[in-house]
Amino acid sequence: VLSGLLISSALLLVGCSETEDSSHANQVKLSKVENLMDGKQEGFLLILKEEDGDIGSYQNKLDSIAKKNEVPINIYNTFQPDAKKIVDRANFEYTSTLQGERLYYVSKGKIKDKLNINRLTDETFTNTVNEFVTNNK
């Protein structure tokens, strides 16, 4: 009984320590974008328009940058508004404000800085994005 209680307690602690705001690059739902744009939250937001839902190449690169800077980086794919199912939806509520292939820093509901990651090469991506994150965290 005691060992079961200890295991349950350990699992509960692990579960509580996993939060959306951890230092990772995470795919997020539209509601997270809305919270950022409504000023309820602040942080980094990458907008992608990946029809096949494959965000892995960006997520892997950004995850190491997020860990290094101890900040979360939110990734929103317009074709996956629930962060799972692919839908035919290149445009979304913030299309005129938030363009694809851009990394934004949003604070108090306003875009404070942005970086066009589409123009970065594999050689310049990590250093340029790391500098952007460092300057805005």
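This is a predicted model: local features need pLDDT of at least 70, side-chain atom pairs count only at pLDDT 80 or more; totals for chains, interfaces and linings use all residues.
Arg102 is buried (under 20% relative accessible area, with exposed over 50% and partly exposed in between, for a 1.4 Å probe and protein chains only), yet this arginine has no salt bridge. A salt bridge here is a side-chain nitrogen of Lys or Arg within 4 Å of a carboxyl oxygen of Asp or Glu. The nearest side chain of opposite charge belongs to Glu101, 7.3 Å away; Lys and Arg count as positive, Asp and Glu as negative, while His and the chain ends are not counted.

Residues are numbered from 1 along each chain as its sequence is written, and side-chain values use heavy atoms, with hydrogens and water left out.

So what does the side chain of Arg102 make a polar contact with? The partner is the side chain of Gln99, at 3.1 Å. (A polar contact is a pair of N or O atoms within 3.5 Å; within protein, one must be able to donate a hydrogen and the other to accept it, and residues adjacent in sequence count only if both atoms are side-chain atoms.) The backbone oxygen of Gly100 also lies 3.0 Å from a polar side-chain atom of Arg102. Beyond four places in sequence, Arg102 is in contact (heavy atoms within 4.5 Å) with residues including Leu45, Ile47 and Leu115.

Arg102 sits in strand β4, residues 102-107. Strands (E, at least two residues) and helices (H or I, at least four) are DSSP runs, numbered from the N terminus. Five strands form an open, mixed sheet in the order β1-β3-β2-β4-β5, and two strands pair if DSSP finds at least two bridges between them. The edge strands, β1 and β5, each pair on one side only. β4 and β5 run antiparallel, joined by six bridges, with Leu103 opposite Leu115 and Ser107 opposite Lys110. These two strands form a hairpin with two residues between them, and Lys108 in the turn has a positive phi of about 55°.

Elsewhere, the structure does hold two salt bridges:

| Pair | Closest N to O |
|---|---|
| Asp122 and Lys61 | 3.2 Å |

Asp122 lies in helix α4 and Lys61 in helix α3, so their bridge ties together parts 61 residues apart in sequence. Asp63 and Lys67 both lie in helix α3, four residues apart. Asp122 counts as exposed because its relative accessibility is 61%, whereas Asp63, at 17%, counts as buried.
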